Amino acid sequence: MALLEIVKNPAKVLVTKAAPVTKFDAELAKLLDDMYDTMLEHDGVGIAAPQVNKSIQAAVVEMGEERAILEIINPTILATDGSAIEIEGCLSFPELYGDVERPDYVHIKAQDRNGEWYEVEAAGFDARVIQHEIDHLFGVLFDKKITRVYTLEELDEMAEAEEEQE
C-alpha cells in the first residue's frame, strides 16, 4: 500500500483531458490499489487518476451501502436521466463545498483493470460520485458547476440539525 499525493487546484493536470488507458498491466493495478488507499485515507468516496498526477482515464469509486469498489477506466456515459441538486466536495478542493446539479441516474460503459468492458447503472448518490469522477477524466472540475457555496460552519450546522431530527 502506498499513499499518493493528492493534486490540489489549481493544477494543469486537473483541467486537461486525460489520455485513454491502453496498457492493462501490473503498473495500472498498483495505481488503482494506491488510489483506493489514498481515497480512504482522505475520507473520499471517489478519486480520479488526474488527482494523483496521472493523466489517464482511470477512477475508483465506492458504491452502495456495501461500499463496493468500482474501477472506471475509459468510461463513456450511455444515458442519464432526472436531475438533483446536492452538496459536493472534492479531494482536490479541500475547503470547498457547494450545490451542484447533476442527472440523478447514469448508465455507463467502462473497462475494469483487466481491460474487460462492463456496463453499470447507478442512481442518487452513486450516480453523482460516478459523474464527478468521470468529469475529472475530461478536465471538468466541480467548482465550475457550483451554484451555491457552503462554509464549513454551515455544513456543521446542517449536520447537527440532521442529527437532532433523528
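Predicted model: local features only at pLDDT ≥ 70, side-chain atom pairs only at ≥ 80, totals over all residues.
1. Contacts of V61. Leaving aside its neighbours within four places in sequence, V61 is in contact with V45 and G46, with A68, I69, L70 and I72, and with V129, I130 and E133.

2. The largest nonpolar core. V61 belongs to the largest nonpolar core, which comprises 17 residues. V61 is also listed among the residues with the most contacts inside this core, together with M63, L70, I72, I108 and I130. At least two residues of the core are supplied by each of β2 (58-63), β3 (68-81), β6 (105-111), β7 (117-123) and α2 (124-137). Helix α2 provides the largest share, with 5 residues. In soluble globular proteins, nonpolar side chains tend to be buried together.

3. The three-stranded sheet. Strands β4, β5 and β8 form an open sheet in the order β4-β5-β8, and their pairing is antiparallel. β4 (84-90) and β8 (146-150) are the edge strands, each pairing on one side only. From one strand to the next, the twist averages 30°. Between β5 (residues 93-102) and β8, the antiparallel pairing extends over 4 bridges. Within this part of the structure, G98 stands opposite V149 of β8.

4. Helix α3 (residues 152-165) lies across β4, β5 and β8, and runs at about 80° to β8.

Terms used:
Residues numbered from 1 in each chain as written. Heavy atoms only, no water. Core = buried A, V, L, I, M, F, W, Y, C linked by side-chain atoms within 4.5 Å. Buried < 20%, exposed > 50% of the residue type's maximum accessible area, 1.4 Å probe, protein only. Contact = heavy atoms within 4.5 Å. Pairing = 2+ DSSP bridges. Axes fitted to C-alpha atoms, helices over the stretch in contact; angles between N-to-C directions.
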